[in-house]
Amino acid sequence: MAARVGLLFLPHAVLASSSRALTLTQSRARLPHPPPTFPTHRRGASSSSAASPPRLRRRLLPVRAMASSGNPYAAELAAAKKAVTLAARLCKTVQQNIVHSGIQSKADKSPVTVADYGSQILVSLALMMEVSGPFSLVAEEDSEELRKDGAEEILEEITDLVNETLVDDGSYSMSFSKEGILSAIDNGKSEGGPTGRHWVLDPIDGTKGFVRGDQYAIALALLDEGKVVLGVLACPNLPLSSISNPNGSSSGDRIGALFSATIDCGAEVESLDGSPPQKISVCSIDNPVNASFFESYESAHSMHDLTSSIAEKLGVQAPPVRIDSQAKYGALARGDGAIYLRFPHKGYREKIWDHAAGSIVVTEAGGIVTDAAGSNLDFSQGRFLDLDTGIIATNTQLMPSLLKAVQDAIKEKNHAASLL
């Protein structure tokens, strides 16, 4: 067992002062098949074999037929669960050791940590090893910052973390070189689209919650011909049963929930450390007065004044439940609350990885997810979601009254803004 390397983080100032980025060797076009070779080393290999590392060989899952489960995406679902569980192992290690200097800032001002990169690498690896066929991944991160002058230390730290996680997990007997790390990250450069199959990944959804030690999720979905057909959410800090404290747990509760859903097969939850999956469903509340609603923890992520107005119009009595990440979708899907509201500030474009996995978990649990106009979310148009104003989710009973309250509140807000 390799010794645990301490977490050494490179302050943002170092990366921000980097002068240039190395030329990327892969385009944003759909990734080729067979997939590119990661520069890796098999543990225990001789020096001669290390000089010419072998190709990654995909290990097919033992059961690909749908006969036993009735699920045409059974193999992909098993691979997705394995991928996010492996990534969660790394993320939990980093979160336990995180310090403020471990964050670097992206252009959109959301923080990203070494765990973002490590999570994406491990998910990419697991999917390529476990699932056959052409590989396409639409993911949040790329290697541009890590290829800049001055980023050597953080690249080394990511490499160490990934390799240690692989050793600890034991599923794959290999280790990454630094160039292999960069190549694995850039496997996420696919643009997605309406044809073919594309995995969609947010390696750490809710990075501010992650930094605070609160809620976050590893969110992975599969698009097939432009439609979300599968989604998994690994929520390492979410109680398995229900939310009694959004950033903690009830006494004796198991922590770490893994939500999953496949089209026409329903939604389930199980523990991240292993337990039989349980079917889940959204709540059956039909009176808004008795409803509670989820919204983003950070006011910078969603307009809390608008959601407050919507709740008032509905007559909601309970205060909002504010938690980070797509963990909100999972909590909604198992009935912890009745409504989910997200209204980003003007100018922000939603990305498909922010909602693909969570939305199918809710819809397969019997809920409805739409934009503010009541239209279904369209994940087939590339990396961004073009939608009307915001995203809402609830059960079928509450949706008509919720949609009316949303549209009335938006009209009032727009009218007030026009008078200024």
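Entry 1, strand 4 and strand 6. I began with strand 4 (residues 137-139) in this predicted model, and I found that three bridges join strand 4 to strand 6, the two running parallel. Looking for a particular pair, I noted that A139 has L201 of strand 6 as its bridge partner.

Entry 2, strand 6 and strand 7. I then followed strand 6 to strand 7 (residues 217-224), where seven bridges join the two strands in an antiparallel arrangement. Is strand 6 (residues 197-205) mostly covered or mostly open? I recorded that strand 6 is mostly covered, with eight of its nine residues buried.

Next I looked up the open sheet of five strands, whose order is 13-12-14-18-16 and whose pairing is mixed. Strand 13 (321-323) and strand 16 (368-371) stand at the edges with a single partner strand each, so one side of each is left without a neighbour in the sheet. I also noted that neighbouring strands of this sheet are turned by 20° against each other on average, with direction ignored.

For D371, the bridge partner in strand 18 is I391.

Finally I looked at helix 8 (residues 304-314), which lies across strand 12 (293-296), strand 13 and strand 14 (339-342). Against strand 12, I wrote down that helix 8 runs at about 170°.

Technical notes:
Residues are numbered from 1 along each chain as its sequence is written. This is a predicted model: local features need pLDDT of at least 70, side-chain atom pairs count only at pLDDT 80 or more; totals for chains, interfaces and linings use all residues. Side-chain values use heavy atoms; hydrogens and water are left out. Two strands pair if DSSP finds at least two bridges between them. Helices (H or I, at least four residues) and strands (E, at least two) are DSSP runs, numbered from the N terminus. Axes are lines fitted to C-alpha atoms, for helices over the stretch in contact, and angles run from 0 to 180 degrees between N-to-C directions. Contact means heavy atoms within 4.5 Å. Buried means under 20% relative accessible area, exposed over 50%, partly exposed in between (1.4 Å probe, protein chains only).
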